[in-house]
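Let's take a look at a protein model together.

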Amino acid sequence: MNIKFVDLNRQYASIAPEINEAIQRVLDRADFVLGTEVERFEEEFADYCEAAYAVGLDSGASALELGLQALGVGPGDDVLVPVNTFFASAAAIAHVGARPVFVDVDPITYTIDVSQAASLITPRTKAIMPVHLYGQPAGMQPIMQLAQQHGLWVVEDACQAHGARYNGQRVGAVGHVGAFSFYPGKNLGAYGDGGALVTNDAALADQVRVLRNCGQREKYVHIAMGGNHRLDTLQAAVLRVKLRYLDIWNAMRRNWAAHYDQLLASYELIRPLMSINVEHVFHLYVVQVESRDAIQTFLGSKGIATGVHYPLPLHLQPAFANLDYHLGDFPMAEQSAPRLLSLPMFAELTAAEVEYVAECLALAMGGETVGLQAKSVNA
């Protein structure tokens, strides 16, 4: 078999008539910038996230940055952020002039270690940025309690967690602002870059709308030092179609995650473990294995595409050398980084493909094959 890490062709084929019709609507209107579809998508996405407001943006990175800017985070401020996340999480903090303060991760969920975060709060600390990594919500209840206790803003990085729930509530709308990415491979992906910020604060939403549009509320009257961070109307039209399928696709991802779990249960690897009271959406299905690089090469030779998220923790990235962190500062992230391997995960997988991946992974680890005994999940 040849199994892609994410197969966007299959997804498009399943909804092609609706996508084509949505794009044609935009072409017919020719309202390519902040058009009708953007406004409608913002309303629908806010409703989906159980938030009062959503603001369409050009990327998840912009959502994080403009959210921080709207909250008044800037030079002289510290923002707590997990050390095992995509670069954009911490880069957004640096871009507003604040300092990222890295926090180690929970060894089970890979999300921010709240206890360590509490120990790092100083008078400079202005905000905390929990990341709902791989589609698993971070521990928002203790995070919100910590924020309330110390007067901190909470900026949720939900760029990998569209539709996930914590204690029954959609992530993104738990903190003061939530950021989402619509990069094509995400659970809700555009056909190019895109993002959104959600919030329950009308003033914050209005400020982000100004910041995304060159600092103007009315044309040629610039009231803030904003930039060009608008969501394209064509992308909003695509996202409106896909949003209708998101819960179905997330359920299918959970289905395949359960099938992986069943097939790999007896093998010497660490499978994803879920926190209590969360609904994981499995943007990624990440395992820990010994000899990760050799196993990845072996799987590639069998036609299986895999990923590594992320090979180098943020404190060891050259771009953050000025923060003066060192090897050994974050043992949990450093211990897991060379072992993490992301297996193919997308809604349109088949049982046969998941079983083939599991078979080959077992062979790569030098064990007996898992066989096809666990076919209880429908293709």
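Which residues in H3 meet which residues in H4? On the H3 side they are Ala61, Leu64, Glu65 and Leu68, and on the H4 side you'll find Ala88, Ser89, Ala92, Ile93 and His95. Sort the residues of this contact by type and you get six nonpolar, two polar and one charged.

Now for how the pair is arranged, keeping in mind that this is a predicted model. Helix H3 covers residues 60-70 and helix H4 covers residues 87-95. They pack at an angle of about 35°, and their axes are 9 Å apart. The crossing of H3 past H4 is right-handed.

## A three-stranded sheet

Next, find the open sheet, where three strands line up in the order S7-S6-S12 with antiparallel pairing. S7 (169-170) and S12 (278-279) are the edge strands: each has a single partner, so one side of each has no neighbour in the sheet.

Strand S6 takes in residues 165-166, and its antiparallel pairing with S12 runs over two bridges. In general, strands of a sheet pair through backbone hydrogen bonds, in either a parallel or an antiparallel way.

The protein chain has a mean pLDDT of 95, with 97% of its residues at 70 or more. Residues 370-379 are another story: pLDDT stays under 50 there, though the model has 26 contacts beyond four places in sequence for this stretch.

Conventions: Residues numbered from 1 in each chain as written. Predicted model: local features only at pLDDT ≥ 70, side-chain atom pairs only at ≥ 80, totals over all residues. Heavy atoms only, no water. Axes fitted to C-alpha atoms, helices over the stretch in contact; angles between N-to-C directions. Helix = DSSP H or I, 4+ residues; strand = E, 2+ residues; numbered from the N terminus. Left-handed = near helix turned anticlockwise from the far one by under 90°. Contact = heavy atoms within 4.5 Å. Nonpolar A, V, L, I, M, F, W, Y, C, P; charged D, E, K, R; others polar. Pairing = 2+ DSSP bridges. pLDDT = per-residue confidence, 0-100.
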